[in-house]
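Subject: the structure, plus notes

Hi,

Here is the structure I promised to pass on.

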Amino acid sequence: MDNRIVMIDFSGTLIKPFVAEQANIRRLKLLEMPLPDEKQHKLQHGTKEHYKIIKDHITKKMGVTDDMKIPYLQNYGGEILVSGTDMKTMIMTGLFRDCIYMVAAEHRENVFVDGMLQVLEAIRKKGYKLAICSGIRKDIITGILAITKCPLKFDYIYAQDPVLSRDDNMHLAEKLSKNGTIEYVIGDKKDDLLPAKKFNAVAVFVKWGHPVGGEMACADYAIDNPKELLKIIK
């Protein structure tokens, strides 16, 4: 029997918005960068402009330039050449991982949206497989689940590597779809919801996250709290 899959975004959907926000503030402080105001943060987050701003600052503060070729020994062996561009991304995402781990360690189960884990467990009991599909590093997701001792088991986790080379959410969703039928897509941003149309899935926009605009046009449903999912997912 084909697996029925509920695909869930991570940051801003499964975990509360303040977790990534606090981690980003800590990262900026470590890099001695000015903090953006709320409007700047939303604009940068929506366009990923903050990636460029941070990487430009890494060049300025650390001297890592795009044209460099840096020999890098991978975990458990195997040496590769990493471009300066990719090294800056690794530094940027590595700092974010370290900072978000600290936030997770401080807040434990409170990082999760209130009631979300219980609702997802109820959805699992209806016969669905649970999948996280996210544009952040996989070791950030799995690390937070481990640090918080998350009681809920996810069947699949599709996310990024340290240089963010795994394409976009659509391609990650394509890989996920090889495991079964994606029936519901849950997210807080437009990019999270776009795969729903391709896979004939129901798109559910959660209002408590980091919306950047255009979410309502992509969504079949918009919800204010996790319990509403139980009325949507049959």
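This is a predicted model: local features need pLDDT of at least 70, side-chain atom pairs count only at pLDDT 80 or more; totals for chains, interfaces and linings use all residues.

Helix α7 covers residues 169–177, and its buried residues are N169, L172, A173 and L176. Buried here means under 20% relative accessible area, with exposed over 50% and partly exposed in between (1.4 Å probe, protein chains only). Helices (H or I, at least four residues) and strands (E, at least two) are DSSP runs, numbered from the N terminus. Looking down the axis of α7, the buried residues fall within an arc of 100 degrees, so they line one face of the helix. The arc is taken over the directions from the helix axis to the C-beta atoms.

Numbering runs from 1 along each chain as its sequence is written, and side-chain values use heavy atoms, with hydrogens and water left out.

Back to α7. Its buried residues pack against β1 (4–8), β4 (129–137), β5 (156–160), β6 (181–187), α8 (190–193) and α9 (195–198); contact means heavy atoms within 4.5 Å. At the start of α7, D168 puts a side-chain oxygen within 3.1 Å of the backbone nitrogen of M170.

Helix α6 (residues 138–147) packs with α4 (residues 84–107) at an angle of about 15 degrees, the axes being 10 Å apart. That makes the two helices roughly parallel. The axes are lines fitted to C-alpha atoms, for helices over the stretch in contact, with angles from 0 to 180 degrees between N-to-C directions. Angles under 35 degrees count as roughly parallel, over 145 as roughly antiparallel, 65 to 115 as roughly perpendicular, and the rest as oblique. α4 passes α6 in a right-handed crossing (right-handed if the near helix is turned clockwise from the far one by less than a right angle, left-handed if anticlockwise). On the α4 side, the residues that meet α6 are T93, F96, R97, I100, Y101, A104 and A105, and their partners in α6 are D139, I140, G143, I144 and I147.

Within α6, I140, I141, G143, I144 and L145 are buried, and their cover includes α4, β4 and β5. Just after α6 comes K149, with a positive phi of about 50 degrees although it is not a glycine. K149 sits in the loop between α6 and β5 and counts as exposed at 67% relative accessibility.

Y76 also has a positive phi without being a glycine, near 65 degrees. You'll find Y76 in the loop between β2 (69–73) and β3 (79–83), and at 89% relative accessibility Y76 counts as exposed.

How do α1 and α4 cross? The axes of α1 (residues 17–30) and α4 come within 8 Å, at roughly 125 degrees, and the two helices are therefore oblique to each other. This crossing is right-handed. Among the residues making the contact are F18, Q22, R26 and L30 of α1, and M92, F96, C99 and V103 of α4.

T13 lies in the loop between β1 and α1 and is buried, at 0% relative accessibility. The T13 side chain makes polar contacts with two side chains: D9 at 2.9 Å and D188 at 3.1 Å. A polar contact is a pair of N or O atoms within 3.5 Å; within protein, one must be able to donate a hydrogen and the other to accept it, and residues adjacent in sequence count only if both atoms are side-chain atoms. T13 and V206 are 193 residues apart in sequence, yet 6.7 Å apart in space, C-alpha to C-alpha.

K16 is in the loop between β1 and α1 too, and the K16 side chain makes a polar contact of 3.1 Å with the side chain of D114.

Lastly, Q160 in strand β5 is buried, with a relative accessible area of 6%. The side chain of Q160 reaches the backbone nitrogen of R166 at 2.9 Å. Leaving aside neighbours within four places in sequence, the contacts of Q160 include S134, R137 and D167.

Cheers
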